[in-house]
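Subject: Structure handover

Hello,

Here is the structure we spoke about, with the sequence alongside. My notes on it follow below.

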Amino acid sequence: MTSPSTPVSFEFFPTKTDAGHEKLLAAARVLAAEKPEFFSVTYGAGGSTRDRTLNTVLQLDGEVKVPTAPHLSCVGDSKEELRSLLKQYRDAGIKRIVALRGDLPSGMGQASGELRYANELVEFIRAETGDHFTIEVAAYPESHPQARNFEVDLANFVRKAKAGADSAITQYFFNADCYFQFVERVRQAGVEIPIIPGIMPITNYSKLARFSDACGAEIPRWIRKQLEAYGDDSDSIVAFGTEVISSMCQQLLDGGAPGLHFYTLNQAEPSLAVWHNLRG
Ligand code: FAD
């Protein structure tokens with residue numbers, strides 16, 4: 001069981017339509033009742049969601065009244081564009097940022113940003129704004145998909161943390177052991193920042209499989225087989241998925257994970273079902 005003070009946070013993506021935005025707001029209002037430590041809102045690398053991310057962050061922070069962190073990626077933005085966004089967030093009283101390299105969508109060509117990796121963005125934010133922002137960075141217990149190997153990726157994570165990150169959120173995974181091993185290796189490297197597991201509720205097999213292939217999250221065979229067997233029976237997929245994810249979260253918290261960060265995909269229910277299972 002989690003204690004009522006176990007930190008939880010929820011991530012949203014900015015939508016293209018008004019209807020989508022209303023759904024996001026409705027989900028956020030429901031999740032706000034859980035008193036999360038923060039919400040976060042993703043950013044389309046290259047600035048494709050610059051205004052929508054900004055507006056969503058300001059609305060969640062100001063109207064839904066949960067401290068909200070914008071994601072910010074450096075891969076396709078100039079220093080001037082990043083500086084301007086940082087100023088707008090700072091002026092609006094935003095205190096936390098998720099700092100990323102990002103991935104340019106296919107078709108946008110080569111990265112055009114002046115900063116190439118997330119460690120450079122963390123250094124830039126610190127140089128521009130001092131200690132104003134709490135900086136979160138991404139972590140990959142199963143390795144970043146482009147990394148040559150685990151050791152190289154670990155060294156890059158350590159560099160990013162030492163550049164001035166306060167905390168990290170992991171890519172999602174379905175195997176608690178990989179999280180514990182990653183944390184152990186990070187600690188051995190002398191980095192003590194909290195590493196919060198990123199949790200992806202399971203609601204749909206084909207989308208999850210596609211997404212997991214792209215971001216390098218392994219779906220264990222026993223989970224895949226079971227989800228495949230359910231076919232179109234989405235009630236069974238959700239029931240099984242909730243059970244599997246709740247039990248993994250319990251293992252994570254029992255093993256010392258300092259909180260949970262849910263990838264909500266703008267839906268309250270799947271994350272809440274897991275969170276409420278943990279709260280008993
Ligand atoms: P980095 O830490 O820069 O790492 C990227 C790759 O480069 C890794 O393989 C790493 O080993 C290597 N590397 C790192 N530093 C160096 C260096 N100095 N020299 C050489 N190699 C290096 N994407 C978005 O576009 N928008 C989002 O809002 C978004 N939110 C995310 C939130 C979370 C919690 C997570 C886990 C991921 C998110 N992503 C998002 C995806 C992320 O942008 C991609 O995974 C991207 O490919 C890497 O970003 P990063 O910040 O982890 O990059």
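Helix α3 (residues 79–91) and helix α4 (118–129) have axes that come within 11 Å and cross at roughly 55 degrees. Axes here are lines fitted to C-alpha atoms, for helices over the stretch in contact, and angles run from 0 to 180 degrees between N-to-C directions. That angle makes α3 oblique to α4 (under 35 degrees counts as roughly parallel, over 145 as roughly antiparallel, 65 to 115 as roughly perpendicular, and the rest as oblique). On the α3 side the contact uses Lys-79, Leu-82, Arg-83, Leu-86 and Arg-90, and on the α4 side Phe-124, Ile-125, Glu-128 and Thr-129; two residues are in contact if their C-beta atoms, placed from the backbone, lie within 7 Å. By class, this contact of α3 with α4 has four nonpolar, one polar and four charged residues (Ala, Val, Leu, Ile, Met, Phe, Trp, Tyr, Cys and Pro count as nonpolar, Asp, Glu, Lys and Arg as charged, and the others, Gly among them, as polar).

Two notes on the source. This is a predicted model, in which local features need pLDDT of at least 70 and side-chain atom pairs count only at pLDDT 80 or more, while totals for chains, interfaces and linings use all residues. Residues are numbered from 1 along each chain as its sequence is written. Helices (H or I, at least four residues) and strands (E, at least two) are DSSP runs, numbered from the N terminus.

Helix α8 (residues 221–230) packs on helix α9 (residues 234–254) at about 160 degrees, with the axes 9 Å apart, which makes α8 roughly antiparallel to α9. Their crossing is right-handed. Ile-223, Gln-226, Leu-227 and Tyr-230 of α8 meet Ser-236, Ile-237, Phe-240 and Val-244 of α9. The contact of α8 with α9 has six nonpolar, two polar and no charged residues.

α9 also packs with helix α10 (residues 269–279), at about 50 degrees and with axes 9 Å apart, so α9 and α10 are oblique to each other. This crossing is right-handed. It brings together Thr-242, Ile-245, Ser-246, Cys-249 and Gln-250 of α9 and Ala-273, Val-274, Asn-277 and Leu-278 of α10.

Strands β5 (residues 134–139) and β6 (residues 167–170) pair over four bridges, and Val-137 stands opposite Ala-168 in β6.

Last, the ligand. It is surrounded by 25 residues, the closest being Thr-42, His-71, Arg-101, Ala-118 and Ala-138 (a residue is near a molecule if its C-beta atom, placed from the backbone, lies within 6 Å of it). The elements giving two or more residues to this shell are β3 (68–73), β4 (96–100), α4 (118–129) and α5 (150–162). The largest share, five residues, comes from α5. The shell divides into ten nonpolar, ten polar and five charged residues.

Regards

Key: Two strands pair if DSSP finds at least two bridges between them. A crossing is left-handed if the near helix is turned anticlockwise from the far one by less than a right angle, and right-handed if clockwise.
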